[in-house]
Amino acid sequence: MNLQPHIKRTLLQAVMIAAGLTITVAANAQAFVAFEGRLLVASADMDNVHMTVTDGTETMDVSLRANGKFEFFIPVNDQVTLTLDRPGYISKTMLIDTHNAPSKEGVIDRTARVELDLALEPQPSDLELCYDKPMGKVEFDAATGETRIIDLDPDLLIASENTSSAVPM
């Protein structure tokens with residue numbers, strides 16, 4: 001096959017651009033931990049349910065499917081707070097720490113996949129309840145990289161206008 005010089009030059013430029021883009025993507029690659037699971041709600045509908053992830057400066061809304069399934073990604077070596085809210089339900093928070101997540105070499109690598117099944121309980125009609133601390137924590141063992149889901153066993157409190165003066169049940 002005998003290509004004209006301008007076609008050869010164009011093909012060479014296209015190959016060089018593709019190689020440059022590949023190197024740029026590989027150099028900027030960041031590993032992520034994938035979190036997936038299902039949110040259970042007594043009424044089984046996901047209307048007005050809000051799931052957010054924040055690192056204190058940026059907040060990400062997590063999309064919930066009609067059946068409560070969700071999936072989101074957190075960069076390795078990050079700490080975030082997952083919050084679940086719905087009017088008429090007791091709000092919950094969970095701490096997520098992706099430090100020590102096992103890593104693999106590769107472009108756009110998801111180093112770990114964590115399964116989380118979460119539930120929201122309805123508020124009683126006569127009280128407004130809240131928890132005194134996060135419900136749990138997800139972290140990775142420094143020695144093995146294995147996922148640990150820790151139940152922080154919070155106390156359920158009767159909420160008041162000022163949550164700092166909430167009282168135990």
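Author: Strand 9 and strand 10 (residues 147–151) pair in the antiparallel sense, with 5 bridges between them. Strands here are DSSP runs of E with at least two residues, numbered from the N terminus, while helices are runs of H or I with at least four. Two strands are said to pair if DSSP finds at least two bridges between them.

Reader: Before we go on, what kind of model is this?
Author: This is a predicted model, in which local features need pLDDT of at least 70 and side-chain atom pairs count only at pLDDT 80 or more, whereas totals for chains, interfaces and linings use all residues. Residues are numbered from 1 along each chain as its sequence is written, and side-chain values use heavy atoms, with hydrogens and water left out.

Reader: Back to strand 10, then. Which residue stands opposite Thr147?
Author: Phe140 stands opposite Thr147 of strand 10. The hairpin of strand 9 and strand 10 has 6 residues between the strands, and Gly145 there takes a positive phi near 80 degrees.

Reader: Which sense does the pairing of strand 6 and strand 9 take, parallel or antiparallel?
Author: Strand 6 and strand 9 pair in the parallel sense, over 3 bridges. Leu95 stands opposite Lys137 of strand 9.

Reader: How many residues of strand 9 are buried?
Author: Strand 9 is mostly covered, with 4 of its 5 residues buried. Buried means under 20% relative accessible area, exposed means over 50%, and partly exposed lies in between (1.4 Å probe, protein chains only).

Reader: Changing topic: which residues touch the most other members of the largest nonpolar core?
Author: They are Phe35, Phe72 and Leu118, in a core of 28 residues. Strand 1 (32–41), strand 4 (69–75) and strand 7 (110–120) are among the strands that each supply at least two residues of this core. Strand 7 gives the most, with 5 residues. A nonpolar core is a set of buried Ala, Val, Leu, Ile, Met, Phe, Trp, Tyr and Cys residues joined through side-chain atoms within 4.5 Å.

Reader: What does Phe72 touch?
Author: Not counting residues up to four places away in sequence, the contacts of Phe72 include Val33, Met51, Leu82 and Ile96. Contact means heavy atoms within 4.5 Å. At 3% relative accessibility, Phe72 counts as buried.

Reader: How many aromatic pairs does a search of the whole structure find?
Author: The search finds 2. In one of them, Phe35 and Phe72 are stacked, at 5.3 Å centre to centre and with 10 degrees between the planes. This pair links distant parts of the chain, as Phe35 is in strand 1 and Phe72 in strand 4, 37 residues apart. Phe70 and Phe72 have ring centres 6.0 Å apart and planes at 20 degrees, so that pair is stacked. Rings of Phe, Tyr and Trp (its six-membered ring) pair if their centres lie within 6.5 Å; planes under 30 degrees apart count as stacked, over 60 as edge-to-face and the rest as tilted.

Reader: And which residues form the aromatic cluster?
Author: Phe35, Phe70 and Phe72 form one cluster. Phe70 is buried, with a relative accessible area of 2%.

Reader: Why is strand 1 described as largely enclosed?
Author: Because 7 of the 10 residues of strand 1 are buried, the rest of the structure largely encloses it. Gly37 stands opposite Phe70 of strand 4.
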